[in-house]
Structures are given as C-alpha cells and as structure tokens.
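Dear colleague,

I am handing over a structure that may be new to you, and my notes on it follow directly below. Please read them with the model open beside you.

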Amino acid sequence: MPIEKFVVPETVSKKRVDAYLASLFSDRFSRTKVKELILKGAVTVNAASVKPNFLLYPGQSIEVMVELSEQTETRAEKIPIEVVFEDKDILVVNKSAGLVVHPACGNESGTLVNALLYHTKHLSKLGGDVRAGIVHRLDKDTSGLMVVAKNDKAHEILSKQFKQHKIEKIYWVVVKGVMQHDEMRCEAPLGRSAVNRKKITVQQEGGRMSVTNFRVLKRLKDATLLEARPETGRTHQIRVHLHHLDLPILGDTVYGKPSLLIKRQALHSKTLSFVHPATQKKVSFDSQLPPDMNLLIKKLS
C-alpha cells in the first residue's frame, strides 16, 4: 500500500485534518472517503493516529496510506497525442484543449495518461498508475507543452526542478481589455476558496506566495495578447491573477470572460525549458498556437 507524505505548510493552522486532506486529494477522494481513511487509521500526524476533527499546525508530518482499490484501473487507450520530443527518459507532449491530464472522479478514462499508456510501456510510477509519468499538470481547457517522466529517476529530478521553481514556463493568453503597461507583475497570494473548494481565490492572509510576470505581445480590439511567465506553480495561478488584475481571460467561464469567439480559456503553454534529467543540459521546447487561439486573435485584430 503506497504512502503519501506531506508537511503541513506555514499557511495552514488550526485546520481540520479531514478538510485539509480533502482539498489535497480533491481529484481522487471525496471528503467522506477521506474521513473513512482517517477512521481506518490510514492517516497519521507525527506518526500518531488521529480523528477527522484533529486540528493541524505548521510543520506537522502527515502520512496517508492510499488504498490501491480506490484508484481506478488505468487502461491504455488509443487517443491521438502530439509528441514533440521523446527519448528513454522523458516525453514532451503538446496537450490539446479539452484533454484531462489524468483519471479522476468524473473522468475515469479518455485522459492524457490513458493515451500515454498506449503510446509507451515506460512511464514513471511514483504517482501510481493513475498519474503514471505525470510530473505537472495543465487544466483541462488549457493547451500546450507538458513534460512527462518515463522512469522514476527522471520523475524525481524533474519534480525537484519544479519544486525549486527552476523550470521556465511561458504561456500565451488572450485577455479582455487592453493592458496599458507593457509589463506587469502580480504577487497576489492564492489559496483554495472556503466556499467552493474547486476554486482558487486571492487571499492576502493565509494565501500561498504566488508570482506571475506579464508582458504585452499585441494589443487587440478591447483585448490583449499577453505573455505570462509564472515564477510559482499554484493551481489556476495565471487565470486567478489575471482576474485579480481585472484582465479576465477570454473564454474562461470560471475566472474570466465567456466569449462567443472561443469555446475554452484562451491560454496556451507555449514554451517549456528545463535541465534534462539524464544529460544535465538545458533543453527548451516551443509550440505553435492552436487554431482556435489563432482565429480568436485574427478576429480581434
């Protein structure tokens, strides 16, 4: 039975352990299921069993014994994917919009992981079968480049680079409104909403440090094509930061501005640069904007 380990961050204090774990495992378990795991003794804090209402404090160590039976058996599926680069250690794919990265509640199949399992038998297993090869994620309706680990060693090295913010990610995004400054930096701290656990909000107190740099690429008709360079990798970071700056992403029905010109958020992971886990040399990959974003820009020009 695999064990997942966490250290309670500085931003978490006096929060129930069941609520905290439910937010961490929101893509796999319901809060009810988390409570069941705790009552079974599958969760320990500082090596001691706890009750669901146990209050957490920064620095405490949490271990969760994740039941394999709770993970959907992940099948290989013949789903077309665009492979930008591949060797014995890594894969770089250009994910299409609408493709979920890995199986979760409500999306047990038809994901990038299902496609990867069909493409290759060599994927890291550090994240379990459900997240085979997955080192980082893109939202379902965000397109663009992702790096995938083909073995556990590559996974560990890439994960460390992500954790230390050494991987350079460049996104192109189309927002509602014309950004007046040529460059802008957002440092608004982010945290999960207490009202809707699926949403992220700006939280000046208790939020996690989050930094995104923006640069104007082209000013359009009541819109702007921006380059976004996140220094941190928080969930929904670019989308929430742009909402906070009153520059909502076109097509984003959660944080942005729905648009008749595009059916999803106009956000694309365009460039990805990192140190190759085997060669230790810096590599960089670039992708073209997908047709729907090109068409959006053309109509707004």
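In this model Trp-172 stands opposite His-268 in S16. The model is predicted, so local features need pLDDT of at least 70 and side-chain atom pairs count only at pLDDT 80 or more, while totals for chains, interfaces and linings use all residues. Residues are numbered from 1 along each chain as its sequence is written, and side-chain values use heavy atoms, with hydrogens and water left out.

Strand S10 (residues 168–176) runs antiparallel to strand S16 (residues 267–275), and 6 bridges join them; strands are DSSP runs of E of at least two residues, numbered from the N terminus, and two of them pair if DSSP finds at least two bridges between them. S10 also pairs in the antiparallel sense with strand S15 (residues 223–230), over 6 bridges, and there Lys-176 stands opposite Ala-223.

The charged end of Lys-270 sits over the ring of Trp-172, 4.7 Å from its centre (the criterion is NZ of Lys or CZ of Arg within 6 Å of the ring centre and within 35 degrees of the ring normal).

A search of the whole structure finds 2 aromatic pairs, where rings of Phe, Tyr and Trp (its six-membered ring) pair if their centres lie within 6.5 Å, and planes under 30 degrees apart count as stacked, over 60 as edge-to-face and the rest as tilted. Phe-85 and Phe-285 form a tilted pair, because their ring centres are 5.3 Å apart and their planes are at 40°. This pair links distant parts of the chain, with Phe-85 in strand S7 (residues 82–86) and Phe-285 in strand S17 (residues 282–286), 200 residues apart. Ring pairs link Phe-85, Phe-274 and Phe-285 into a cluster.

Conventions
Helix = DSSP H or I, 4+ residues; strand = E, 2+ residues; numbered from the N terminus.
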